[in-house]
Amino acid sequence: MSETKFTKDHEWVRLDGGVATVGITDHAQNALGDVVFVDLPEVGRVVVAGEPIAVVESVKAASDVYAPIAGKIVEVNAALSDNPGTINSAPTTDGWFFKIETSDPGALDGLMDEATYAAYVDDLA
Amino acid sequence: MAESSESLLETPLASLHRELGGRMVPFAGYNMPVQYPAGILTEHLHTRAAAALFDVSHMGQAELVGEGAAAALERVTPADVQILKPGRQKYGLLTTAEGGILDDFMVANLGDRLFLVVNASRKHVDLPYIEAALPAGVTLKPLPDRALIALQGPQAVAAIATLAPGIAELGFMGVGAFTIAGVPALVSRSGYTGEDGVEVSVPAEQAEAFARALLALPGVQPAGLGARDSLRLEAGLCLYGNDIDETTSPVEAALTWTIGKRRRMEWNFPGAERVRDELANGTKRLRVGIKPEGRQPARGHTPIHAPGGAAIGEITSGGFGPSLNGPMAMGYVAREHAADGTALDLMVRGKAIPARVAPTPFVPHRYVR
């Protein structure tokens, strides 16, 4: 069971056997409101950490989603195109955005653990 | 928008919004609910299905009193105000000497006076502008101590008529005074959603009790500015500051219908020279409805290009229509690209989204006949 880590951009990342699954947090989906569209990166694209690679659009606004780590996009959640509302209803499970392959086993070391992220969100309020 | 929360004004319903879980945001100098816990999508759909209560108390209300008030108001608008019968309201534009739009507004004839509603963001500009144009004997009286509450949706009038049956007798754009739940109220059958409904002016100190009485009616839920914006865009209605401003003329904005027939003979309103020239010779650009293909919204300030070609305009309002179940926008395009069905490219984050000029409203109006 791998640990879920979090970024300051309100994304979650779970690393399993060299592949990181990425989505947005419950706090992020709540702040965005009802998601109506998601623009996902192309599979095979090589990304650097911090690069905006996806866009999530709610009724009221568009928001960038960043690559939390460097690597190669190996899969995107195509089901989101037809059901973008999954990002609101299941942000940390079925609402995942994309998977990034990394050769760095310590890729998530600089990210926050769940308790640190929870404190970070509390400080924003 | 670097408005600090301390400097923001509040409406008389501020504590009710907090109690209802409203998410407060700065808007036109006021702290306003953008949504409640139900969310924009649900609030929008509920408005089209039943009835929603909107606090629009940030808008400017005023009375124009005195012999010749209607003629006096015509000094700042191309609308035919003098033709307006007692108990009737109309939509109009305040125009600048250069033919731009200073604001859009509602004016009602209350028999012994005119009642005006102007935009929150423009009231500090509008009221001095109107006042400066008034002859002796006509007085403008701002009404800062009144709240304005809209009840919108197919069940809105039936709901409020249980408290004041006469409201059901008002026609579209009809106005009357009623006592509702013990509160003296000025009611107009109008709104900003494309649905049937009313807008109600009440004394500020009774506004919360009044709003609670409406929220207690069957089918009524609160809705915020987010739903108000998606509803008005589906209805093809302009938002001042986005779709119209001092640089856009009534003709460019496709609001020529607000210019009275008599006023087009007299040409005696601010900016008449520009409007007359544009009606005779056409404008370089026109406001149009735009439907992007697919599901991706294109927001305000998105550049509009001819397909594969040069820039021909810009989106002024754009988003996702919950009832339309798709993206929608309005904006200005060069006149030769303004016909319904014309293909466009919307340049969103460097990619061209195909779109077409589309008739508005995107969702049919359901005003009472």
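His17(B) is buried, with a relative accessible area of 1%, where buried stands for under 20% relative accessible area with a 1.4 Å probe and protein chains only. This is a predicted model, in which local features need pLDDT of at least 70, side-chain atom pairs count only at pLDDT 80 or more, and totals for chains, interfaces and linings use all residues; side-chain values use heavy atoms, with hydrogens and water left out. Residues are numbered from 1 along each chain as its sequence is written, while chains are lettered from A and ligands numbered from 1 in the order in which they are written.

You will find His17(B) in helix H1 (residues 14-19) of chain B; helices (H or I, at least four residues) and strands (E, at least two) are DSSP runs numbered from the N terminus. Leaving out residues up to four places away in sequence, His17(B) touches Thr11(B), Gly22(B), Met24(B), Pro33(B), Tyr36(B) and Asp55(B), a contact being heavy atoms within 4.5 Å. With Tyr36(B), the side chain of His17(B) also makes a polar contact of 2.8 Å. Such a contact is a pair of N or O atoms within 3.5 Å; within protein, one must be able to donate a hydrogen and the other to accept it, and residues adjacent in sequence count only if both atoms are side-chain atoms.

Next, follow chain B to helix H7 (residues 225-234). Nine of its ten residues are buried, so helix H7 of chain B is largely enclosed by the rest of the structure. Among the buried residues are Arg228(B), Arg232(B) and Glu234(B). The buried part of H7(B) packs against strands S1 (23-27), S2 (30-35), S3 (51-55), S16 (311-321) and S17 (326-334), and against helix H2 (40-49), of chain B. Just after H7(B), Gly236(B) has a positive phi of about 75°.

Now for the meeting of the two chains. Here 13 residues of chain A are in contact with 14 residues of chain B. The buried area, which is the accessible area (1.4 Å probe) lost on putting two parts together, summed over both, is about 1,300 Å², with carbon and sulfur atoms giving 49%. On the chain A side, Val36(A), Val59(A) and Lys60(A) lose the most area to chain B, together 39% of what that side buries.

Three salt bridges are found across this interface, each a side-chain nitrogen of Lys or Arg within 4 Å of a carboxyl oxygen of Asp or Glu. Glu57(A) and Arg349(B) meet in a salt bridge at 3.2 Å, N to O.

Key. Buried means under 20% relative accessible area, exposed over 50%, partly exposed in between (1.4 Å probe, protein chains only).
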